[in-house]
Amino acid sequence: MTQKIWTLHDHLSAVKEGTRRFENAFQGVARMILEDEIEKVVVNGKTTYDFRIFRTGRKHTIGMYDEINSFVSFVKDAAEGGSSKEMAYVLVGEPGNGKTFFVELLCAKYRSFLSQDANRRYTFRFVNMDRLGHYGKIASIESQTYEDPMILAMNLYEDREESIRFLTEKAGFSDKDVENALENYRPMGACSGYIWNDIRVHADGDPEEMLKYVEIIPVPMSESLGTVTGKYPAKDKITSSAVDLLGEESIQRLLHITDTNNPYRFDLRRGALARVAGGGIHFSDEIFKNKKDLVQVYLGVIQNRAIEIDGFKWPIDTLIIATSNNSEFNRFLAEREEAPIVDRCRICYVSHNTNYRMQEGLTAYAIGSESKTTLLKESLHQDPNLNYAASTAVVLTRLPRSEKLTAIEMMKLAAGEVAGEKSIKTLAEVIDTLSQDPDITKRFGQKGLGHRNLGRAIQLLVENSETNEGRCMIAYDVFRTMERVILDYVVDQNDRAKFLEDLKIARGLYRERIMTEMFNAYMDEPYAIRKDVMNYVNMIIGIDAENLGPDRMWKYKDPQTGELRALKIDERYVKSVEERIGLKTEEQRESFRTSIRKIYGQKISMDPNYDFMDNLELVKAVTDVRLKSDIAGAGSLIGALANRTNEENQKLYDRMISTMLGKLGYCRTCAQKTIEYFCTQVDEG
């Protein structure tokens with residue numbers, strides 16, 4: 001199949017009709033993001049925006065709200081002609097927190113966006129060059145920087161006014177169209193301008209004759225060629241040079257070109273920048289790891305938006321995004337003479353994900369989507385609590401210590417959940433206070449176990465002999481592998497001590513989760529605990545109702561289904577729950593009930609399915625009351641399951657195993673291990 005070719009007149013007609021576009025890189029990226037859906041969300045107590053384009057696809061970004069908002073704002077400002085168009089956007093943060101993943105996702109989305117006909121990029125090439133006499137056997141020459149055909153049209157004549165007249169008279173552009181196009185005006189690159197002058201001389205200045213030497217073609221959209229979106233990773237100090245970015249003199253071309261002044265002797269496509277110069281994205285990975293002279297090259301490119309070699313200039317239209325880790329960036333800042341490059345960058349400090357609910361999606365990425373097998377190719381089961389255990393453990397390591405909030409309160413509030421009496425405003429205050437610290441690593445979410453460390457913990461779990469023997473990835477074992485990762489990979493002694501402490505808190509949360517699971521298994525129902533928690537909530541709402549008869553039955557309308565329900569108010573049960581929470585006096589009880597009623601009033605109107613399961617204190621109390629009441633004559637469920645010498649207890653154990661296998665997603669190994677763990681007093685309190 002031959003490539004379709006157009007004339008300049010064809011292209012200008014398409015631009016005038018609106019079937020093709022002439023816009024710069026910033027305008028293209030901004031349009032791609034802002035044309036998709038935008039949602040308002042509340043994150044850490046502040047309203048922000050969520051851009052749907054970054055949330056679609058099999059593997060997409062999770063969280064990163066502040067960072068994405070900052071990036072969109074930067075691109076939008078540059079698209080509107082603001083100061084951002086003379087800057088690079090640099091993401092700085094700890095390794096394994098999603099910087100590179102975000103940029104690569106953006107590049108993939110941009111390529112996909114430009115592959116649609118209405119958004120496609122076009123460039124031009126000069127043909128029949130061998131007729132000119134001093135280009136040897138070179139017959140066709142593409143614009144080295146993939147210049148837009150509109151750039152050629154605006155530089156058609158030596159006099160700019162004549163070029164504008166050509167657009168209005170011959171191409172039929174209105175004054176408004178011309179004005180819009182001139183906002184993105186730039187001179188032609190050195191070689192295109194030189195060749196176009198050669199063609200002018202050859203055609204005696206006849207524009208129609210000159211245009212016979214021009215063909216319009218689409219810019220190739222190949223990721224592997226590095227066109228439109230290209231990545232330049234930092235290389236070692238010896239082999240890397242400015243040539244990798246800018247290009248160099250080409251020996252092959254010198255064999256054909258007789259005119260030694262011709263700038264086409266430089267092969268710009270040897271460098272990474274020219275390939276993305278036509279409205280593309282240049283991604284410099286670990287920019288500050290490059291040697292100084294290469295960073296100096298970036299300095300010129302970012303400020304002047306041009307490739308310069310031996311005094312020749314090629315203007316470029318590129319969005320430059322870079323990444324760097326904290327340590328490299330701090331080392332670079334320490335060298336005072338390097339300040340100008342940082343001055344030309346918009347620095348965005350990327351934090352780790354601190355929402356444990358969202359972390360479950362990232363943990364699922366780390367575990368992998370493919371079904372896993374043991375070393376002997378047998379199917380490997382995944383404990384239903386594995387994701388929760390791993391997610392809470394890594395998130396807790398990322399949360400700083402604070403006098404105002406405990407680690408669990410901070411974790412709950414960061415996920416938008418209830419944390420007793422503490423409000424989301426307290427968390428916002430903590431974050432604001434920490435953001436004043438000049439040491440970036442002390443700010444909220446800036447330090448902790450990253451995604452790679454989580455991946456290592458999962459790998460160690462899979463290679464564990466017990467995992468292979470039992471054919472199941474047991475949730476509790478992930479704490480052991482995480483401990484190993486902390487000891488082996490966390491260098492700083494203070495960080496290591498803090499992370500190990502956080503792991504203990506995560507174990508306590510896992511213990512509470514297992515209490516709930518055991519209650520559900522005992523009741524032979526996946527959401528039994530949820531039902532009991534909602535019963536308590538509805539009882540304290542109905543306890544003072546006027547229409548409460550002597551039978552203590554209260555009728556209420558279920559907000560989820562809209563049906564009328566009847567509930568018997570059991571004051572003994574209500575008091576038992578409140579005693580478990582530690583509420584001794586009537587005032588304390590009434591204060592707690594008022595707070596629950598208040599939460600109910602706020603949440604149910606927004607979400608009729610809200611179930612109070614995020615209120616750990618309440619869930620734990622309800623679980624304790626139900627589990628530690630008399631079961632099967634053993635005083636508690638733990639007693640009944642631990643002592644299976646009598647037939648009744650054995651039956652109870654078998655029935656619970658059966659429920660865990662059939663309704664709760666366990667396999668025999670993790671069901672037995674979970675009951676065994678439940679019967680011990682490990683991680684209590």
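**Rings and charges**

Tutor: Start with a charge over a ring. Lys603 lies over the face of Tyr610, 5.2 Å from the ring centre.

A word on the model. It is predicted, so local features need pLDDT of at least 70 and side-chain atom pairs count only at pLDDT 80 or more, while totals for chains, interfaces and linings use all residues. Residues are numbered from 1 along each chain as its sequence is written, and side-chain values use heavy atoms, leaving out hydrogens and water.

Now rings with rings. A search of the whole structure finds 21 aromatic pairs. Rings of Phe, Tyr and Trp (its six-membered ring) pair if their centres lie within 6.5 Å; planes under 30 degrees apart count as stacked, over 60 as edge-to-face, and the rest as tilted.

Take Phe71 and Phe102. Their ring centres are 5.7 Å apart and their planes meet at 85 degrees, so this pair is edge-to-face. Phe71 sits in helix α3 (residues 65-79) and Phe102 in helix α4 (residues 99-114), so the pair ties together parts 31 residues apart in sequence. Helices are DSSP runs (H or I, at least four residues), as are strands (E, at least two), and they are numbered from the N terminus. Phe71 is buried, with a relative accessible area of 0%. Phe102 counts as buried as well, at 2%. Buried means under 20% relative accessible area, exposed means over 50%, and partly exposed lies in between (1.4 Å probe, protein chains only).

Look next at Tyr510 and Tyr677. This aromatic pair is tilted: 5.3 Å centre to centre, with 45 degrees between the planes. Tyr510 belongs to helix α22 (residues 493-522) and Tyr677 to helix α29 (residues 668-679), so the pair ties together parts 167 residues apart in sequence. Both are buried: Tyr510 has a relative accessible area of 1%, and Tyr677 has 8%.

Methods. A charge sits over a ring if NZ of Lys or CZ of Arg is within 6 Å of the ring centre and within 35 degrees of the ring normal.
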